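Please read these points with the sequence and the 3D view open side by side. They go through the chain piece by piece.

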Amino acid sequence: MNDLEKHVNRLFKGYVESAQIRELKDEILSNLEAKVTDLTNDGIAYYQAVKLATQNIDSIQMLIGDHKDVFTNQYKTEMLQYGLLYVIISWIVTIPMSIVGMGKLLSTVLLISLFIIGILFLLFSSMKDEAFINKVSRFNLKSAFLYKKIVWNIWILFIVVCSISTIGMQFGSDIWFGRSIDINGPYQFIILVISLVLPVVSIIIPLLFSKAVKLIQKYEVGG
């Protein structure tokens, strides 16, 4: 694999392979190869020519069509399947954390969500009507990518704020007065760890947004 192919593959990282994506990859690679050939014919060294040819192409989102026709219910069924999987894993993780009030509440919420999503998944999976399966709706792929990025940024900020708040509440006075941080026994240590880990369970939200982007491309009509 040459440098241009590696660059094009990086541009399309995260995109599900489809007829449109393959065609666009081939077109971009062909254009880059032609540009590099022109530059090398003008006496520019190969690696410098590659750098010049690729420096203005760092994203392909502007080249991807905004709207995609998607098999809606196939998309929703698999989204529910992944939602169910993520919630089951999160619920199992929170069971040992129920010794903390917030952990018990979160575990209960996840268990209720598990039943709701499970019922919806079974309903969608049981529908064999061809009209239901082949129902098509239009999705905005660029918006999906944008929402994915925003949600991940919000989640990272949320984790940072929660971690700082937890540490501040536990050791704020010690830090303020320059005293050494002291953890009084294993129970306090466990409570501290649980308090720091619990917010991380919310990662299922950005994970679902990431999965939604991939499934839109997977279930694109003609993809």
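**Notes on the model**

1. Val197 counts as partly exposed because its relative accessibility is 31%. The term covers values between buried (under 20% relative accessible area) and exposed (over 50%), computed with a 1.4 Å probe and protein chains only. Val197 belongs to helix α8. Its C-alpha lies 9.4 Å from that of Ile159, although 38 residues separate Val197 and Ile159 in sequence.

2. Some ground rules apply to every point here. Residues are numbered from 1 along each chain as its sequence is written.

3. How far can the prediction be trusted? pLDDT is the predictor's confidence in each residue, on a scale from 0 to 100. The average over the protein chain is 85, and 88% of the residues reach at least 70. Where pLDDT is low, predicted coordinates should not be read in detail.

4. The protein chain contains nine helices and two strands. Both kinds of element are DSSP runs numbered from the N terminus: helices are H or I with at least four residues, strands are E with at least two. Their order along the sequence is α-α-α-β-α-α-α-β-α-α-α.

5. Of the 223 residues, 34% count as buried. A contact means heavy atoms within 4.5 Å. Among contacts between residues at least 6 apart in sequence, 76% join residues at least 24 apart. The accessible surface is about 13,800 Å², and carbon and sulfur atoms account for 65% of that surface. Such areas come from the Shrake-Rupley method with a 1.4 Å probe; for residues, only the protein chains shown count as cover.

6. Which strand pairs with β1 (residues 67-71), and in what sense? The partner is strand β2 (residues 136-140), and the two run antiparallel over five bridges. Pairing requires at least two DSSP bridges between the strands. Lys68 has Phe139 in β2 as its bridge partner. In a regular strand, side chains alternate between the two faces of the sheet. In β1, Lys68 and Val70 make up the covered face, whereas His67, Asp69 and Phe71 make up the uncovered one.

7. How many salt bridges does a search of the whole structure find? There are two, a salt bridge being a side-chain nitrogen of Lys or Arg within 4 Å of a carboxyl oxygen of Asp or Glu. In one, Arg138 meets Asp69 at 3.0 Å, N to O. Arg138 is in strand β2 and Asp69 in strand β1, so the pair ties together parts 69 residues apart in sequence. Arg138 is exposed, at 58% relative accessible area, and Asp69 is partly exposed, at 31%.

8. Lys218 and Glu78 also form a salt bridge, at 3.0 Å, N to O. This pair links helix α9 (residues 204-218), which holds Lys218, to helix α4, which holds Glu78, 140 residues apart. Lys218 is partly exposed, at 42% relative accessibility, whereas Glu78 is buried, at 10%.

Terms used
Predicted model: local features only at pLDDT ≥ 70, side-chain atom pairs only at ≥ 80, totals over all residues. Heavy atoms only, no water.
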